[in-house]
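My notes follow in the order I took them.

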Amino acid sequence: MLPWRRLLRPLAVLSLAAALVVPTGAAHAASAPSSGWNNWSCKPSAAHPRPVVLVHGTLGNSVDNWLGFAPYLVHRGYCVYSLDYGQLPGVPLFHGLGPIDKSAGQLDVFVDEVLASTGAAKTDIVGHSQGGMMPNYYLKFLGGAPKVNALIGFAPDNHGTTLSGLTQLLPYFPGAEDLISASTPGLADQIAGSAFVTKLNAGGDTVPGVKYTVIATRYDEVVTPYRSAFLSGSNVHNVVLQDLCALDISEHVTIALTDRIAWHEALNALDPAHAERTTCASVFS
């Protein structure tokens, strides 16, 4: 009989990774059309003077995570850019697995490239899951705040996640936490109570001068409890998707991938001067 610990340790890692998967058709990322985003000749208009940087979630990438939302913004006149970050050697397409502080450094470089290309003074950042949380490290610790007007998160794990209690079982699998930290540090960093999450939120959730919007869903099965997405601060707008439309059943993946109600609320955050009330009818806007 094989030792049970030898079996359970990799099982714990696989279970955690599976719970964080963003199944957005990653196999087709290399050939997917960009539909007008990542256009480095784009110049922001007077109506939309800030470029938008899109930050994918764990196990996502710069194309698949944004096949719906990026064209939605481009069609409305925004210059839109997306990056890949957190790559592991030998792991194509599925990103966001590297140490999150290092991923924030990649975002730092990318934002500078976008600002240099567009001539804009600031950008707006929209992220999904880890992509809605990681930029806050950039803002707080890497000097990003003067370059960013707004940070908008679709189901961000700002205070970490218990993965519906799965992470609380890790102590029962000796060595599992060490294995996750060594092989996929980006996953370990997102566990509620991790050293990364503790550092990220020490001294307050936000920084002055940046507007924060968090769009969460009650049906989130990855960021749990779902209110752990919320931030505290006078410059924060927290909203539950179902308070905008009680009929909306989007969960962690679809809130960013296909949900036009969530997209509409994000659009309001990008252009508050022309905001329109988000309702169930926003799916047709």
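Entry 1. I am working from a predicted model. I began with I125 and listed its contacts, leaving out residues up to four places away in sequence. I found V53, V55, L107, V111, P135, Y138, V148, A150, L151 and I152.

Entry 2. I then looked up the core around this residue. The largest nonpolar core has 39 residues, and L107 and I125 touch the most other members. I noted which elements give two or more residues to this core: β1 (52-55), β2 (80-83), α3 (100-118), α4 (130-141), β4 (148-154), α7 (195-201), β5 (211-216) and β6 (236-240). The most comes from α3, which gives 7 residues.

Entry 3. I went through α3 next. Which of its residues are buried? I listed I100, S103, A104, L107, D108, F110, V111, V114, L115, S117 and T118. For what covers them, I recorded elements including β1, β2, β3 (123-128), α4, α6 (185-188) and α7. I keep in mind that an α-helix has 3.6 residues a turn, so residues three or four places apart point the same way.

Entry 4. I turned to the strands β1 and β2. They run parallel and are joined by 4 bridges. V55 stands opposite L83 of β2. With helix α2 (residues 69-74), the two strands make a right-handed β-α-β unit. I looked at both faces of β2 and found each covered. V80 and S82 are buried on one side, Y81 and L83 on the other.

Entry 5. My last item was N268, which lies in helix α10 (residues 260-270). Is N268 buried or exposed? Its relative accessibility is 13%, so I count N268 as buried, the cut-off for buried being under 20%. Leaving out residues up to four places away in sequence, N268 touches A275, E276 and T278.

Conventions
Residues numbered from 1 in each chain as written. Predicted model: local features only at pLDDT ≥ 70, side-chain atom pairs only at ≥ 80, totals over all residues. Heavy atoms only, no water. Core = buried A, V, L, I, M, F, W, Y, C linked by side-chain atoms within 4.5 Å. Buried < 20%, exposed > 50% of the residue type's maximum accessible area, 1.4 Å probe, protein only. Contact = heavy atoms within 4.5 Å. Pairing = 2+ DSSP bridges. Right-handed = clockwise from strand over helix to strand, strands pointing away.
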